[in-house]
Amino acid sequence: MIRITGDLWLEDRPLARGLDLTCAPGTWMGILGASGVGKSTLGRIVAGLPVPARLQGTADVTGAVTLMGQQDQLLPWASALDNVTIGARLRGQRPDRDRARALLAELGLAGLEARRPAHLSGGQRQRVALARTLIEDRPVIVLDEPFSALDAGTRAQMQDLAARHLAGRTVILITHDPLEAARLCHRAVLIGPAGSRALPLPATAPPRALDDPAVLAAQAALFATLVRPCAA
Ligand SMILES: Nc1ncnc2c1ncn2[C@@H]1O[C@H](COP(=O)(O)OP(=O)(O)OP(=O)(O)O)[C@@H](O)[C@H]1O
């Protein structure tokens, strides 16, 4: 269970007010909002990491968390495979290299295991970071714009793959993409300095098909809301 309530402040300026992010176990919660309103900051709060802002309210998170940050944060001197297994190695555990290889292959990166990050494209790097997140097998996962560097086709495939791998986990999905929220989330909230509110999503369980008319209708409605942020 994740529950964050209250107001988020940056010095004397409210970033997001009236937060009520309640994410039930095993569900996906989408966080949307204009650039700079504090979405990544909330993701870091869930992960228990330091933030520049102050939450005037409560933050309760049950379970160990993995954060896939907005930047891939890959180690430049390590191969793709070694980047995927970095968590185990840092903990002094034996890395599961076979599982890492299988994950990279599933993510469309077979044959690139030995490449260093500088020799990968932005979308390939993002998928290495996704593999590094998935291999951790934590009950709570924060995905901060995890598919932003991908083309539309690969993005849809990776969304399906993440939904499959993370079924039953509690996921916070930070995204600017209304279609992504409409496909993957059980609940979604729009946050902002004027207030925060729940966004309408289809009643069916995610992941939802790309061409589901209810998904396309929700995408259009979310898009209309996002381009009018003052209405938050
Ligand atoms: N290290 C820092 N020191 C001071 N202020 C910061 C720092 N990092 C971020 N901020 C500010 O905190 C606010 C929230 O940043 P955050 O990254 O959480 O926004 P966001 O909603 O995720 O934005 P985006 O959609 O652009 O990724 C922003 O206004 C930003 O300028």
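Trainee: Before that, what kind of model is it, and how are residues numbered?

Mentor: It is a predicted model, where local features need pLDDT of at least 70, side-chain atom pairs count only at pLDDT 80 or more, and totals for chains, interfaces and linings use all residues. Residues are numbered from 1 along each chain as its sequence is written.

Trainee: Fine. How many residues surround the ligand?

Mentor: There are 13, and the closest are Ser35, Lys39, Ser40, Thr41 and Pro52. A residue counts as near if its C-beta atom, placed from the backbone, lies within 6 Å of the molecule.

Trainee: What classes are in that shell?

Mentor: Five nonpolar, seven polar and one charged. Nonpolar covers Ala, Val, Leu, Ile, Met, Phe, Trp, Tyr, Cys and Pro, charged covers Asp, Glu, Lys and Arg, and the others, Gly among them, are polar.

Trainee: Which element gives the largest share of the shell?

Mentor: Helix 1, residues 39–46, with three residues. Helices (H or I, at least four residues) and strands (E, at least two) are DSSP runs, numbered from the N terminus.

Trainee: Is helix 1 mostly covered or mostly open?

Mentor: Mostly covered, as six of its eight residues are buried: Lys39, Thr41, Leu42, Gly43, Ile45 and Val46. Buried means 20 or more other C-beta atoms within 10 Å of the residue's own, exposed means 12 or fewer, and partly exposed is in between, with C-beta atoms placed from the backbone.

Trainee: And what covers them?

Mentor: Strands 1 (2–10), 3 (28–32), 4 (54–61), 5 (65–68), 6 (140–144) and 7 (170–174) are included in the cover. After helix 1 comes Gly48, with a positive phi near 75 degrees.

Trainee: Switching to strands. How does strand 1 pair with strand 2?

Mentor: Antiparallel, over eight bridges, with strand 2 spanning residues 13–23. Two strands pair if DSSP finds at least two bridges between them. Leu10 has Arg13 as its bridge partner, and Leu8 stands opposite Ala16. Two residues lie between the strands of this hairpin, where Glu11 has a positive phi near 55 degrees.

Trainee: Where else does strand 1 have bridges?

Mentor: To strand 4, which runs antiparallel to strand 1, over eight bridges. There, Gly6 is partnered by Gly57.

Trainee: What about the open sheet, what's the strand order?

Mentor: It is 5-6-7-3-8-9, six strands with mixed pairing. Strand 5 and strand 9 (197–198) each have a single partner strand at the edges, so one side of each has no neighbour in the sheet. Strand 5 pairs with strand 6 in the parallel sense over four bridges, and Leu67 has Val142 as its bridge partner.

Trainee: Now the largest nonpolar core. Which residues have the most contacts inside it?

Mentor: Met29, Val84, Leu104, Ala131, Val142, Ile172 and Leu173, in a core of 63 residues. Domain 1 (6–64 + 138–231) and domain 2 (76–137) both give residues to this core, so it lies between them. A nonpolar core is a set of buried Ala, Val, Leu, Ile, Met, Phe, Trp, Tyr and Cys residues joined through C-beta atoms within 7 Å.

Trainee: Where do those domain bounds come from?

Mentor: From an automatic or database domain assignment. The centres of the two domains, taken over C-alpha atoms, are 25 Å apart. Their contact takes 11 residues from domain 1 and 12 residues from domain 2, where contact means C-beta atoms, placed from the backbone, within 7 Å. On the domain 1 side, helix 6 (residues 152–165) gives the largest share, five residues.

Note on methods
Two residues are in contact if their C-beta atoms, placed from the backbone, lie within 7 Å.
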